[in-house]
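I opened my notebook to jot down what I looked up here.

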Amino acid sequence: MEGTVFAPALEGIKHVKSEEGIMLTRPFLDVCKHILPIIEKFGAAMALVKSDIGGNITRLENKYLSNPTKYTNLYSMVQEEIEAKTAKGSSSCTNGLLWLTRAMDFLVALFRNLLEHQDWAMSQACSDSYSKTLKKWHGWIASSSFTMAMKLAPDRKKFMDVICGTGDINSDIEKFCTTFSPLLEENHKFLASVGMDELKAS
C-alpha cells in the first residue's frame, strides 16, 4: 500500500469544499467512506460504529443520487427537510448527517488519543474518546453496547502496524485530525443554526 491508510482520506479532504467555501455532498461522503477500511482494522470493537457510519453514508448518498444537481451542497437536503418539517424523523438525512458527524468526531478524538497518549492501551483510548463525544447522545442501551464492544479493542501496536503502510503514520494521523476537524465543526455549526445539533438517540 502506497502511504498510510489515511492517504485517500487526506487527498479527499482537499476537495470537500468548493472554491466558494460550500460543503460538497459527494466529496464529504467520499472522505467518510475512505475512513471505513480504517475502522475495519479495529475488528469487532468497531462493528457497531462501522455499520452506523455505513448506514448514514448510504442514506445521504441515496438522497444525493436522486438529484445530484439539486443536492450538490451537503446542507441543501437538511434545509429541504427543515422546511418540510421532516428533519427530526429517525430516517431523515438531517439525522443521518448529525450521527455521521458525531461518529467522525469520535474517530478524530480516538486517533488524537493514539497520537498524544502513546502509553494508553487501545481500550483506554477508545473509552476516553467515546466519553468525550458520543456518550452524552446515547441512551443506556447504546451506551452499554458500546462499552462492551470497546473491551474487544485490538492490541495497540498490532493495529498501528496494520494501518502504517509505507508512510509516516503519526504525521498522517495528525494531518487527518487537523484538516478534518474544522469540517466536522462546520457541520455542527450549521446543524445548530437550524436547531438540530442537540438531538439524542431515542
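I'm working from a predicted model, where local features need pLDDT of at least 70, side-chain atom pairs count only at pLDDT 80 or more, and totals for chains, interfaces and linings use all residues. Residues are numbered from 1 along each chain as its sequence is written, and side-chain values use heavy atoms, with hydrogens and water left out.

**Entry: cysteines**

I looked for disulfides (pairs of cysteine sulfur atoms within 2.5 Å) and found zero. For Cys32, the nearest cysteine sulfur belongs to Cys93 and is 14 Å away. Cys32 is buried, at 0% relative accessible area. Cys164 is in no disulfide either, with the sulfur of Cys177 the nearest at 15 Å. I noted Cys164 as partly exposed, because its relative accessibility is 21%.

**Entry: H8 against H9**

Helices here are DSSP runs of H or I with at least four residues, numbered from the N terminus. I checked how H8 (residues 156-164) sits against H9 (residues 169-193): the angle is about 85° and the axes are 10 Å apart. That makes the pair roughly perpendicular, a label for angles of 65 to 115 degrees. The axes are lines fitted to C-alpha atoms over the stretch in contact, and angles run from 0 to 180 degrees between N-to-C directions.

Which residues of H8 and H9 meet? I found Met160, Ile163 and Cys164 on the H8 side, and Ile169, Asn170 and Ile173 on the H9 side. Contact means heavy atoms within 4.5 Å. The residues of this contact are five nonpolar, one polar and no charged.

**Entry: Ile169**

I stayed with Ile169, which lies in H9. Is Ile169 buried or exposed? It is buried, at 9% relative accessible area. Leaving out residues up to four places away in sequence, Ile169 touches Thr4, Phe6, Met160, Ile163 and Cys164. I also looked at Trp140, 29 residues away along the chain from Ile169: their C-alpha atoms are separated by 35 Å.

**Entry: H3**

Last, I went to H3, residues 47-66. From first C-alpha to last, its 20 residues reach 28 Å, close to the 28 Å expected at 1.5 Å a residue; the expected span is 1.5 Å times one less than the number of residues. Buried residues of H3 include Val49, Ile53, Asn56, Glu61 and Tyr64. Among what covers the buried residues of H3, I listed helices H2, H4, H5 and H7.

Terms used: Helix = DSSP H or I, 4+ residues; strand = E, 2+ residues; numbered from the N terminus. Parallel < 35°, antiparallel > 145°, perpendicular 65-115°, else oblique. Nonpolar A, V, L, I, M, F, W, Y, C, P; charged D, E, K, R; others polar. Buried < 20%, exposed > 50% of the residue type's maximum accessible area, 1.4 Å probe, protein only.
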